[in-house]
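I opened my notebook next to the viewer for this one. Here is what I looked up, entry by entry.

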Amino acid sequence: MVVFRVFRWEKGMDGEKSGKGEGKGRYDVFQLEEKEGMTVLEALFAIKEELDGTLAFRYSCRGAVCGSCAVLINGFPRLACRTQVREVMGGGRVVALDVRGPLALPRVRKTEPGEVLVEPLPGFKVIKDLVVDIKGFFNAYREITPWFRDGAPGEGESRMSQRERERVEPYTNCILCGLCYSACPVQKRDPEFLGPASLAKAWRFISDPRFKERDKAEILEKVDSPRGVWGCDTVYMCTDVCPKKVPPTQGITSIRRQLLKNSIKKILGGGKR
Amino acid sequence: MTSRPRPWRRSTSPGSGIGMWSWLLQRITGLLLVIYLFIHLWVLHYSNTGKVTFDQILLRLQSPAFVVFDLMLLAIVIFHALNGVRIVIIDFGIGNRAQQALFWGLMLLGLALFLFGVYALWPFITQSGAPGSDVT
């Protein structure tokens, strides 16, 4: 048997407090038969189908492609579909930064053996239970304008060397699940911060040789601010939590290096980009 | 818990990220150094009214509290400085892939520096044959 402690909140429950620092909402306890290979998402389905039909959570592909089922499991941001119940039911302590406070102090979550704690992603407003409002995340993403402009990459074939492709590839794996955004301590301190996913995607296009210089300059200008790459504290939380092994911190520091190079070139070359 | 192999593993287990801990410690040591700075200025301003001599400093180091304080200060400064160097290196876009190795490498260097500091303070730590111990 495995016990699931699941965060519940819906409109109208505002006043309810459940423990220190937990804020609004309550925790419901569900007991399930644990099976080999069972994921946390499957467990949530079992709860919804057999125990409580009012439980709300997001899902779509069930195979770590869509990024919809991002939740906090035992205090750590993960994809529910990619997390084996057996892997997280051992109990113990998890220390993670609590991005709910502006100081982002570490918070210890303790779970008993045979227990799994499921909460909505921090850093987002809860809509209901495990469903959060990801508008801010996508607004920041759109602001980067991470797409090929009209007429680019151009007609016919646009060749890339193997090395160039390898450079871009890790950043193309992003599934926009928002785990990095919710794990980032800078994000909470500064809600205007564009966030790891957006900045990683910015580097994905800046480092793509098929992307036009003019468009690269446009994106570079967008991220050249404290809201952009200069806001990052290089905490590597985004890189740690990414289920697709995208390294946003590396992308951010690569953009910084590019900006620095451009500035030096400008100074030395008399305004030439 | 079963010891069966897990079908899928994270590259890092939750909470083991060097980045998070180094970032937190950098803040904490930074704060401690600011507090220390004020103590330092206060001590300089109020307690050393006379002429500062080498013997006076040695006399102060006879107090175990000062030795402990000095060792703590040494550890805090070394960590803060070396992790600062790591962040500067990372900020230049270098060593990103090896940031964990970079951290441990610099910490090893820090440990060596700390041990050198302990070696220098050894006579005062053991309170044996400290030069200037007979100064009144």
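The entries below go from ground rules to chain A, then to a helix pair in chain B.

**Ground rules**

I am working with a predicted model, in which local features need pLDDT of at least 70, side-chain atom pairs count only at pLDDT 80 or more, and totals for chains, interfaces and linings use all residues. Residues are numbered from 1 along each chain as its sequence is written, while chains are lettered from A and ligands numbered from 1 in the order in which they are written.

**Chain A as a whole**

I began with the secondary structure of chain A and found 10 helices and nine strands. Helices (H or I, at least four residues) and strands (E, at least two) are DSSP runs, numbered from the N terminus. The C-alpha trace of chain A spans about 65 × 40 × 35 Å along its principal axes.

Next I looked up burial: 42% of the 273 residues of chain A count as buried. A residue is buried if 20 or more other C-beta atoms lie within 10 Å of its own, exposed if 12 or fewer, and partly exposed in between, with C-beta atoms placed from the backbone.

I also checked contacts in chain A with a separation of 6 or more, and 66% of them are between residues 24 or more positions apart. Two residues are in contact if their C-beta atoms, placed from the backbone, lie within 7 Å.

**Two domains**

Chain A is divided into domain 1 (2-132) and domain 2 (134-269), with bounds that come from an automatic or database domain assignment. I find 29 Å between the centres of the two domains, taken over C-alpha atoms.

How many residues are in contact across the two domains? I get 19 residues of domain 1 in contact with 17 residues of domain 2. On the domain 1 side, the largest share, three residues, comes from strand E4 (residues 76-79) of chain A. That side of domain 1 divides into 14 nonpolar, two polar and three charged residues. For these classes, Ala, Val, Leu, Ile, Met, Phe, Trp, Tyr, Cys and Pro count as nonpolar, Asp, Glu, Lys and Arg as charged, and the others, Gly among them, as polar.

**Helix H7 of chain A**

Here I stopped for a while. In H7(A), 11 of the 11 residues are buried, so this helix is largely enclosed by the rest of the structure. Among those buried residues I noted A:Lys201 and A:Arg204. The cover over the buried residues of H7(A) includes helix H3 (135-143), H4, H5, helix H8 (213-223), H9 and H10 of chain A.

I then followed H7 (residues 196-206) to H10(A): their axes come within 8 Å and cross at roughly 55°. Axes are lines fitted to C-alpha atoms, for helices over the stretch in contact, and angles run from 0 to 180 degrees between N-to-C directions. The two helices are therefore oblique to each other; angles under 35 degrees count as roughly parallel, over 145 as roughly antiparallel, 65 to 115 as roughly perpendicular and the rest as oblique.

The residues that meet include A:Leu199 and A:Trp203 in H7(A), and A:Ile252 and A:Ile255 in H10(A). By class, this contact has 10 nonpolar, three polar and no charged residues.

**A:Ile252, a closer look**

A:Ile252 lies in helix H10 of chain A. Is A:Ile252 buried or exposed? A:Ile252 is buried, with 28 other C-beta atoms within 10 Å. Leaving out residues up to four places away in sequence, A:Ile252 touches A:Leu199, A:Val229 and A:Cys232. I also noted A:Val223, 29 residues from A:Ile252 in sequence and 9.3 Å away in space, C-alpha to C-alpha.

**Positive phi in two loops**

A:Leu176 is not a glycine, yet its phi is positive at about 55°. I placed A:Leu176 in the loop between helix H4 (162-172) and helix H5 (179-183) of chain A. With 18 C-beta neighbours inside 10 Å, A:Leu176 counts as partly exposed.

A:Lys245, not a glycine either, has a positive phi of about 60°. A:Lys245 lies in the loop between helix H9 (237-241) and helix H10 (248-269) of chain A, and counts as exposed with 10 C-beta neighbours inside 10 Å.

**A helix pair in chain B**

Last, I turned to helix H1 (residues 18-46) and helix H3 (residues 64-91) of chain B, whose axes come within 9 Å and cross at roughly 130°. H1(B) and H3(B) are therefore oblique to each other. Among the residues that meet are B:Leu25 and B:Tyr36 in H1(B), and B:Phe79 and B:His80 in H3(B). The contact of H1(B) with H3(B) has seven nonpolar, six polar and no charged residues.
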